[in-house]
There are 4 protein chains.
Amino acid sequence: MQSQDKETMIHLESDYNNGAHEAVLRHLMETNSEPSQSYGDDAFSEHARMLIRGACHTHNAQIWFLAGGTQTNATIIDCLLQPYEGVLCADTAHINVHESGAVEFTGHKVIALPSHEGKLDVADVKAWLKAYYADDTAEHMVRPGMVYITFPTELGTLYTKVELEELRDTCKQYDLLLYVDGARLAYGLAASKDVTLPLLAQMADVFYIGGTKCGALCGEAVVFPRGDAPAHMLSRIKQHGALLAKSRVVGVQFEALFTTYGTEPLYMEIGRNAVALAMRLRRIFVEKKGYRPYIDSPTNQQFYVIPNEDLECLRQSIGFEVWCPVDEHHTACRFVTSWATTEKDLDEILKD
Amino acid sequence: MQSQDKETMIHLESDYNNGAHEAVLRHLMETNSEPSQSYGDDAFSEHARMLIRGACHTHNAQIWFLAGGTQTNATIIDCLLQPYEGVLCADTAHINVHESGAVEFTGHKVIALPSHEGKLDVADVKAWLKAYYADDTAEHMVRPGMVYITFPTELGTLYTKVELEELRDTCKQYDLLLYVDGARLAYGLAASKDVTLPLLAQMADVFYIGGTKCGALCGEAVVFPRGDAPAHMLSRIKQHGALLAKSRVVGVQFEALFTTYGTEPLYMEIGRNAVALAMRLRRIFVEKKGYRPYIDSPTNQQFYVIPNEDLECLRQSIGFEVWCPVDEHHTACRFVTSWATTEKDLDEILKD
Amino acid sequence: MQSQDKETMIHLESDYNNGAHEAVLRHLMETNSEPSQSYGDDAFSEHARMLIRGACHTHNAQIWFLAGGTQTNATIIDCLLQPYEGVLCADTAHINVHESGAVEFTGHKVIALPSHEGKLDVADVKAWLKAYYADDTAEHMVRPGMVYITFPTELGTLYTKVELEELRDTCKQYDLLLYVDGARLAYGLAASKDVTLPLLAQMADVFYIGGTKCGALCGEAVVFPRGDAPAHMLSRIKQHGALLAKSRVVGVQFEALFTTYGTEPLYMEIGRNAVALAMRLRRIFVEKKGYRPYIDSPTNQQFYVIPNEDLECLRQSIGFEVWCPVDEHHTACRFVTSWATTEKDLDEILKD
Amino acid sequence: MQSQDKETMIHLESDYNNGAHEAVLRHLMETNSEPSQSYGDDAFSEHARMLIRGACHTHNAQIWFLAGGTQTNATIIDCLLQPYEGVLCADTAHINVHESGAVEFTGHKVIALPSHEGKLDVADVKAWLKAYYADDTAEHMVRPGMVYITFPTELGTLYTKVELEELRDTCKQYDLLLYVDGARLAYGLAASKDVTLPLLAQMADVFYIGGTKCGALCGEAVVFPRGDAPAHMLSRIKQHGALLAKSRVVGVQFEALFTTYGTEPLYMEIGRNAVALAMRLRRIFVEKKGYRPYIDSPTNQQFYVIPNEDLECLRQSIGFEVWCPVDEHHTACRFVTSWATTEKDLDEILKD
């Protein structure tokens, strides 16, 4: 038995505490006995690539399936940077905080700039680059090779189309790559007013479409929209321990995630549902409970300032994560919806 | 559509070209909606650990679940060696040949000794170590820190109990760790006359129980039988990009693999069935077809010397791997059984 | 011919733009034809170690001679940290800015805290450590393993005895190592009111005595005052490419630097002379020329706010380094004295 | 005092157990008080580069000065290989045996082929490359990126012009770089019948001219004869801890080594003298003492099979290195001449 939760416990701790979306699991079942090739050459992965290319409007995109997020970041950043280059990011970026130094482990400096509610400000990036290139001692410093952003960010916030364009233009001007970590991309796309998958594919030099947190058992899809991945990627991915022998495992899941069951690919539907529930949760928390948002997040990660005296009571019925203390009497807490969250869950919260 | 195979095509290319054993998949289904913790703290993984400890007769074993074999080898070898140490292995060892240099990528020399049908000879190991410690310049050379063996080997062969004891004694004498790569452990245990899981747990300082090639979708279980894993393994595994957020994915599968459905854990049953089929295949090939074994393998990887004029015909009905040329007229080929192979498959081969 | 400088040009660009102190060079001459062992086993190095142990009042110190500063930092930090650990330092620290990412290249994160005129504030260190250990997700973050400071700092400033004690106590409390980069140690010791070589040896777990910038042709002496260097340091130093075959080259020079020619070891005399000249330069600049110190440095690196209209004229007679703009009309510039600077040089400046 | 040697002790243990050739030391003296730039920009290094370009007949060669041999090998190999590439060499190669795994430490596999008296056989290289490129699983193996040879080899032997041409042609055919480790290059050039510095510059993509073992205190000159070093070499060298701040130290020494004092550059004279003495030593050992050469070395490293009963007596008057046992009654020993060896030394040996 997994837990002693009372029956009505609602789980909003994270978007990776359930298994997989049922359509994903069903597809694993129905393809299970079909034999396939391995190491990325299986027909499932190939079909998933075709579907993703379609969704991205990039006919010659190269796509690699890896198992998890930190692995993907460390592998891709290391493969794309020259050994003497570093990566610029917000100081709240996952690679700077919560990956146990996996990027530095591959030899590269993570160059952290101030975070603005999780986002990197293009002005900060420009100022840093200008100072770097004006410095007589630049050759003794780590050379910038890439800008890393998350979409949505670790705080649930989103870059606008204009902000992405400015980052891309700055990257081009200074000959940097723009890499977008889309661990929660489904939720970001669902919530954004102007960023779509095809737009992202235009902006980024490389990005990944997160599976683990968006309905898959495991797996992330790395997309090189212009088909310009470095040579020998298979060797390099394997060298990083990131090549799955039974590659179909991720391929089949992305086949399911990018299949259109109703009017849109499942991946989009998963994002849309979770964001709709997050917005309903927001109304409940703000309008009914009077909680103030800690950060104005339009995506599936919601942060509220909870009076400390409410914490214990809330914990009886909802699983959530304490984020940080706000003041003596209040605590910021994170509530995360996902494909596994239901209207019924929110009904329960409303009732309490 | 996955393939243009004719209906009767028998797939013996590898043990990772199907999905998962149906009991594994079923268990993924039935646990799917139960919420869980993450990063290895989920109750499924904890239960799987308990089952594995039981099967190994090691009550304080520490167990970590990783996603794939090369990842596991690179992570474990790097975590257990001092930075200035190397790993001894047979020159045919997977880490020396087929992991794209993943071990060297973490900074360690792979020190290859002659392979004897895939096996390391303890006499070679002793001679090497004796020479190393007798050398005045030893401090300028890579210090040996570990012996790596595979069970079964890349050529399907097996160490006997006595051979394992000799390797363990040599390792103890020279203060080396003994690490056993069990990518295909189920098949090795099923075929061995005297090596059991509890014995392996006594011989090895660390070993892994392969899931990917033995019935799981993905996943390997690293076992420290004496509970003496290095400090901060979670950080180190994450630093290597090998920590799954949704750790239940592998935990649930190993829960299924080490559950006793009939009279033995599924893992053992999978091994036993595949080896029985491999032995039947051997009889068919040797007795009916007159093919000579290329290597005398008692496990699920079978190697035969096939007359070149038979190759095309065989390929019509069987998928297999060309291993290497033997002489002008013969080719060594590999045929691999697995949990997915059936008696019916072999009936077909017999018929042909 | 090296330069087109007019005869009276005074060189204050750095403390490494001349050869070696004449006593150092003379000792290289007089020992040149004596044969010796190699790789650190030569009698010159052994004698230099004995002299350094005496100067540090540490009878069992272990001492290694390396060729240069960045090499020493990268090698020592990598050898002393566990692979999953990072190093805390001021954001102006040499390892964070001017070593081309050499520390990250060995796999470790450099964790930068705010610089206070080049110094790390113990309160910042404590606050960071407290937050780290209070964080539920600490195992997903880079573990702190060391505090790195420079003495004197990159801005010429000095830690007091009390500040060193507080840093050491904090390190002990949190089980971190304290490493002191003494690239310009001679000048720091000469200028400090209360920090001596024996005190430094008590405070630091490991430190290096800089040779390159303090009168040697090349070479740095790494001191483990308590004789507790990690095992197999020779192998590790060689693995980092930092072991000199002809180790006597550095050994002979440190023999000279720690020989007492007058009333104190040459190393101390070099520091004292350069600091006295720096103080005289300060009086000239502040009292005669009316320049304001940019930073209040008591050591051989002096920083002044120079009116832009004076820059060109100054450049005619003095070599110095532009540090950074201060405002529209002023620029901070660095002037560095060394063993090679003379009273006559300063007479010239005074005259101008 | 350095040693308890009796006055007549002759030191033939190695070519790095004295200081520097007197002309090198003298040049350090006479340039000592001239101020200079740093980090490779000093006029001494620039002049040394000009002299080396002249000696190599390569007008656009790029030249970098590093401190020692292992450092040079690890830095250059790592900078020139892609991260997923390995380096082919003889199994006796210095990088494979005596560099404490410094190459693997930078992430690259050292792929050892059989040694033929220290030399790599082009037929072995071709066979290995042919097999690699014929292998279906090549992408799972370490890709070959470079051939590393030593000239002279660790056993004192030399490649002929024809052998170098064949290696170069094979490298070109398979798109590999040819790197020549010239730690003892002076002695190789002096002994070779047909290999000159200009020829070497035509054959190799990159090579280094050893200083430490050929008359300098320290330092090696890395030459890219076609001026095609990778971008940002200064950053990369610094990242490897191999950039000297006071770069003049090596620059001045190579200025001396490549200055023509008599009829040839000092470097050539040093090599010629040491080889002439080695040949005289050979005549003494073979003709007078009846010792058999262990290896037929034409360079300054001489290897002889010494009857065990002679060892103790020889040790009274000559310092040498025991190489390996030959049979029960004989031991192979190494005797090394250098710039510091004199005719008088050999007279003594002859007398004994």
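**Close-up views of a predicted model**

**View 1. Chain B meets chain C.** In this predicted model, chain B and chain C bury about 1600 Å² between them, and carbon and sulfur atoms give 51% of that area. Helix H10 (residues 233-239) of chain B gives the most to the side of chain B that touches chain C: five residues. By class, that side of chain B has seven nonpolar, six polar and four charged residues. The contact takes 17 residues from chain B and 17 residues from chain C. Ten residue pairs are in polar contact across this interface. Zero salt bridges are found there.

**View 2. C:Arg184 pairs with C:Asp15.** The two form a salt bridge, with the closest N and O atoms 2.6 Å apart. C:Arg184 lies in the loop between strand E6 and helix H8, and C:Asp15 in the loop between strand E1 and helix H1, so the pair ties together parts that are 169 residues apart in sequence. C:Arg184 is buried, at 10% relative accessibility. C:Asp15 is buried too, at 2%.

**View 3. C:Asp205 pairs with C:Arg226.** The closest N and O atoms of this salt bridge are 3.7 Å apart. The pair ties together parts that are 21 residues apart in sequence. C:Asp205 is buried at 16% relative accessibility, whereas C:Arg226 is partly exposed at 36%.

**View 4. C:Thr153 sits in a loop.** This loop runs between strand E5 (143-150) and helix H7 (161-173) of chain C. C:Thr153 counts as buried because its relative accessibility is 1%, under the 20% cut-off. Among the residues C:Thr153 touches are C:Glu117, C:Tyr159 and C:Gln301.

Methods. Residues are numbered from 1 along each chain as its sequence is written. Chains are lettered from A and ligands numbered from 1 in the order in which they are written. This is a predicted model: local features need pLDDT of at least 70, side-chain atom pairs count only at pLDDT 80 or more; totals for chains, interfaces and linings use all residues. Side-chain values use heavy atoms; hydrogens and water are left out. Contact means heavy atoms within 4.5 Å. Buried area is the accessible area (1.4 Å probe) that two parts lose on being put together, summed over both. A salt bridge is a side-chain nitrogen of Lys or Arg within 4 Å of a carboxyl oxygen of Asp or Glu. A polar contact is a pair of N or O atoms within 3.5 Å; within protein, one must be able to donate a hydrogen and the other to accept it, and residues adjacent in sequence count only if both atoms are side-chain atoms. Helices (H or I, at least four residues) and strands (E, at least two) are DSSP runs, numbered from the N terminus. Ala, Val, Leu, Ile, Met, Phe, Trp, Tyr, Cys and Pro count as nonpolar, Asp, Glu, Lys and Arg as charged, and the others, Gly among them, as polar. Buried means under 20% relative accessible area, exposed over 50%, partly exposed in between (1.4 Å probe, protein chains only). Lists of a residue's contacts leave out its neighbours within four places in sequence.
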